[in-house]
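The sequence and structure come first.

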Amino acid sequence: MIITTRLMFMLALFLSLLINTGQMVFAKGSNVIEACSVTRYKNLCVHSLAPFSKAAGRSPSKWARAGVSVTISQVKNVQAYLAKLKRQGHMKGRNRIALSDCVESFGVALDELHMSLGVLRKLSRSKFSTQIGDLNTWISAALTDEDTCLDGFQGQNEKQIKLLRKRVQNVSHITSNALALVNKLATTGLGSITYP
């Protein structure tokens, strides 16, 4: 009986905390939920961009910048992980060649994303259409580079390949979300440009 009462009390306390925390998160995160509504991987978008909710507000240009900034950070992390795998030298044969190609692909993707962020920081009403075209080209190319990174690997069930595949796919999803945020910026047009 004492255990049941104690358990009921703990459950009630837990539910109360959960409800209150959920309301706070929703209140603070409603901007990010709205921004991420255009993305394919919504939960990942909300999780990765939540820290920008207050600063970005409802500005499509700020959300696009945040999306590309987060993507750059994640691509750097995966690139460092791939470089470490390459240095360790555990992969042999075709997988070793695929890993080298993967490291190179991520380097190119990173360059394309940096160019994209540079454009997003200097959006101009007079060049908006051209800039959006460049952004779509570069972010799409970065996404292709990330996806093709996985093409050459053999041994789908090996633990190391599975982990590598999971990390690369995660960053591809984040890049896809960034592209969706740029497309949202394109559809909202010139009036959506806000400067920091």
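## Fold

The chain contains seven helices and zero strands. In sequence order the pattern reads α-α-α-α-α-α-α. The model is predicted.

Of the contacts between residues at least 6 apart in sequence, 72% link residues at least 24 apart.

## Nonpolar cores

The largest nonpolar core comprises 37 residues, and Leu82, Phe106, Phe153 and Leu164 have the most contacts inside it. At least two residues of this core come from each of helix H4 (60–88), helix H5 (93–121), helix H6 (128–148) and helix H7 (159–188). The biggest contribution is that of H5, with 11 residues.

Phe153 can be followed in more detail. Neighbours within four places in sequence aside, Phe153 is in contact with Met91, Asn95, Ala98, Leu99, Cys102, Ile161, Leu164 and Arg165.

## Burial and surface

The chain has 196 residues, and 41% of them are buried. Its accessible surface is about 11500 Å², with 60% of that area belonging to carbon and sulfur atoms.

## Aromatic side chains

How many aromatic pairs does a search of the whole structure find? The search returns zero.

A charge does sit over a ring, however: the charged end of Arg167 lies over the ring of Tyr81, 4.2 Å from the ring centre.

Terms used:
Residues are numbered from 1 along each chain as its sequence is written. This is a predicted model: local features need pLDDT of at least 70, side-chain atom pairs count only at pLDDT 80 or more; totals for chains, interfaces and linings use all residues. Side-chain values use heavy atoms; hydrogens and water are left out. Rings of Phe, Tyr and Trp (its six-membered ring) pair if their centres lie within 6.5 Å; planes under 30 degrees apart count as stacked, over 60 as edge-to-face and the rest as tilted. A charge sits over a ring if NZ of Lys or CZ of Arg is within 6 Å of the ring centre and within 35 degrees of the ring normal. Helices (H or I, at least four residues) and strands (E, at least two) are DSSP runs, numbered from the N terminus. Buried means under 20% relative accessible area, exposed over 50%, partly exposed in between (1.4 Å probe, protein chains only). Contact means heavy atoms within 4.5 Å. Accessible areas come from the Shrake-Rupley method with a 1.4 Å probe; for residues, only the protein chains shown count as cover. A nonpolar core is a set of buried Ala, Val, Leu, Ile, Met, Phe, Trp, Tyr and Cys residues joined through side-chain atoms within 4.5 Å.
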